Amino acid sequence: MEISDELLCLFSATVREEGERYVVEVPKREIERGSLSAGDTYRVALIDGEASASDGGTTTTSTDTATGEGEPQPPVEKGEVRYVEVEDIGKQGDGIARVERGYVIIVPGADVGERVKIEVTEVKSNFAVGEIIEE
């Protein structure tokens, strides 16, 4: 499956019937983190929640686990390329971006407000490090 570089957020939701229409709710955290703005219009893609790796699809939710201990997996993988927006500067001067579930990606050399294309170079349970490949 090809995913656009313009992807702003990714979350799981249920389509529910509400009178004469169907509704997909956007989690409040996506608005609060600044990925989306209330009132703006966005393109929406729906991916079958029952898809499996064997038929070419993937399903990832915030309840997937890395171990049998119930700890969530990091939402990024080493080598993954994505766009991130730097929201803060860490104590050592590195850019800080947050992605799914508030997971932190440290981006050395980035400044607050920059939207940069990174390659994830290191992944830990509670943070990752990404190298800027395009500003």
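These are my notebook entries on one protein chain, looked up in a predicted model.

**Entry 1: the overall layout**

I started with the secondary structure and found one helix and seven strands. Reading along the sequence, I noted the order β-β-α-β-β-β-β-β. The chain has 135 residues, and 21% of them count as buried. I also looked up the accessible surface: about 9700 Å², with 46% of that belonging to carbon and sulfur atoms. For contacts between residues at least 6 apart in sequence, I wrote down that 40% join residues at least 24 apart.

**Entry 2: the core**

Next I went inside. Which residues have the most contacts inside the largest nonpolar core? They are Val76, Val84, Ile105, Val107 and Ile118, in a core of 13 residues. Strand S3 (81-89), S5 and strand S6 (115-123) each give two or more residues to this core. S6 gives the most, with three residues. A general reminder to myself: in soluble globular proteins, nonpolar side chains tend to be buried together.

I then picked valine 76 and listed what it touches, leaving aside residues up to four places away in sequence. Its partners are Arg82, Val99, Tyr103, Ile105, Val120, Val123 and Ala128.

**Entry 3: glutamate 100 and arginine 82**

Arg82 was on that list, so I followed it up, because at a relative accessible area of 17% arginine 82 falls under the 20% cut-off and is buried. Arginine 82 forms a salt bridge with glutamate 100, and the closest N and O atoms are 3.3 Å apart. The pair links distant parts of the chain, 18 residues apart: arginine 82 sits in strand S3, glutamate 100 in the loop between S4 and S5. Is glutamate 100 buried or exposed? Glutamate 100 is buried, with a relative accessible area of 17%.

**Entry 4: other salt bridges**

How many salt bridges does a search of the whole structure find? I got seven. One joins glutamate 25 and arginine 16 at 2.4 Å, N to O. Glutamate 25 is partly exposed at 48% relative accessibility, and arginine 16 is partly exposed at 33%. Arg16, Glu18, Arg21 and Glu25 are linked in a network of salt bridges.

I also looked at lysine 124 and glutamate 122, whose salt bridge has its closest N and O atoms 3.7 Å apart. Lysine 124 is partly exposed, with a relative accessible area of 39%; glutamate 122 is partly exposed too, at 33%.

**Entry 5: a nonpolar patch**

Last, I checked the surface. Val15, Tyr22, Val24, Val44 and Leu46 make a nonpolar patch of about 550 Å². Valine 24 lies in strand S2 (residues 21-24) and counts as partly exposed at 38% relative accessibility.

Methods. Residues numbered from 1 in each chain as written. Predicted model: local features only at pLDDT ≥ 70, side-chain atom pairs only at ≥ 80, totals over all residues. Heavy atoms only, no water. Helix = DSSP H or I, 4+ residues; strand = E, 2+ residues; numbered from the N terminus. Buried < 20%, exposed > 50% of the residue type's maximum accessible area, 1.4 Å probe, protein only. Contact = heavy atoms within 4.5 Å. Areas by Shrake-Rupley, 256 points an atom, 1.4 Å probe, with all protein chains shown as cover. Core = buried A, V, L, I, M, F, W, Y, C linked by side-chain atoms within 4.5 Å. Patch = residues over 30% accessible without salt bridge, like charges linked within 9 Å, V, L, I, M, F, W, Y side chains within 5 Å. Salt bridge = Lys/Arg side-chain N within 4 Å of Asp/Glu carboxyl O.
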